[in-house]
Amino acid sequence: MSASSSPGTILIVDDNRMNRLLLGRALDDRGHTVVFAEDGREALELLGRQRFDLMLLDVMMPELDGYEVLAELKLDPQLRDIPVVMTSALDELDSVVKCVEMGAEDYLTKPINPVLLNARIAASVEKKRLRDQQRDLISKFATKEVADDLMRSGFSLGGELLDASVLFCDIRSFTTIAEARDPAETIELLNDYYTLMMDAIGAEGGIVNQMIGDGLMAIFGAPLPSRNHRRRAVRAAAQMLELIRLFNEEQATRGKVQIEIGVGIASGQVVAGYTGTQQRATYTCVGDTVNVAARLESHTKVVGRAILIDENTQRGLDDGIAVDPQGELLAQGKTQPVKVYAVRVDSPVIADVAPQL
């Protein structure tokens, strides 16, 4: 086997035992790992538990036939990229066209030509590896949610109107902290800070879409909608504070600098999508909600409270999250002031987040 056609893990789905065994032996001789399924339902169960590089799928089977399995695969974002080569005794153009239209990579008729089979498998396994590499590369520069959205829907500039929560956070007096330390220590501090903040945000389904200096912006409810994005944003903020508290305890034992953060959260309609150019773009959101969240984060320094939220966010919280009114605030672009609330970090629902370093 050539280096360009390295072995893969292949699922053979066929209700005929002899066909399965003969196909499996041929692939095993080529160095592939082979797993068998007797019908479409067993195949879907295996696909849910194990990762495969390719599936050889018979068209005519009991339980679920090949067409039905293809339809199920294409509805599942985690499975839709698995290459599928259909195998069938049906040498009919209509069947071939139907399978390809439903997402199959190729169609082979029985008895299967070994040379043609090896060529199709090598091409399909390599295509799967390239897709996986593409996903991994995208994930290095985007969150998992954005990477999945790109792989599922493709890239196009533009946006859509969504109901979401926006969170802003930064380190208090960071300029003073940075000026008193060498660049390497400052970068190490920022890396630790971002690691903790992104973990807390990701744990509640949010995505970090901007990091500028010591500040970050996160979105809850996009690109995938979420009905409880307000509550999840507030819980993420509480986890962020708790992680900073634990981080500061560790820093104190090492004689290192300790930090404080402020968090502002606003909820409402935003325009979310990819902005930039075809060569360089980012997933972000814009609108009054974004401006209010940024203003609230800045206002934490004025009122001396760590987490400030607007009234739209407060209306989406349950009774387990207690807040204290902090008056009103006029945000940029707003003609009417926004009611401001400080989240009590000792609320029962907030106190139970208890993240561990």
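Which residues in α1 are buried? The views below get to that, using a predicted model in which local features need pLDDT of at least 70, side-chain atom pairs count only at pLDDT 80 or more, and totals for chains, interfaces and linings use all residues. Numbering runs from 1 along each chain as its sequence is written, and side-chain values use heavy atoms, with hydrogens and water left out.

**View 1. Helix α1 and its buried side.** Here α1 covers residues 17-29 (helices are DSSP runs of H or I, at least four residues; strands are runs of E, at least two; both are numbered from the N terminus). R20, L23, G24 and L27 are the buried ones (buried is under 20% relative accessible area, exposed over 50%, partly exposed in between, with a 1.4 Å probe and protein chains only). They sit on the same side of α1, because they span an arc of only 105° around the axis (taken from the directions from the helix axis to the C-beta atoms). Turned away from that side are the exposed M18, R25 and D29.

**View 2. The two ends of α1.** N16 caps the N-terminal end, with a side-chain oxygen 2.9 Å from the backbone nitrogen of M18. After α1 comes G31, with a positive phi near 95°.

**View 3. The open sheet.** Five strands line up as β2-β1-β3-β4-β5, with parallel pairing (two strands pair if DSSP finds at least two bridges between them). At the edges, β2 (33-37) and β5 (106-109) each pair on one side only.

**View 4. Where β4 meets β5.** β4 (residues 84-88) and β5 run parallel over 4 bridges. In this pair, V85 stands opposite D106 of β5.

Methods: Expected span 1.5 Å × (residues − 1). Polar contact = N/O pair within 3.5 Å; in protein donor to acceptor, adjacent residues only side chain to side chain.
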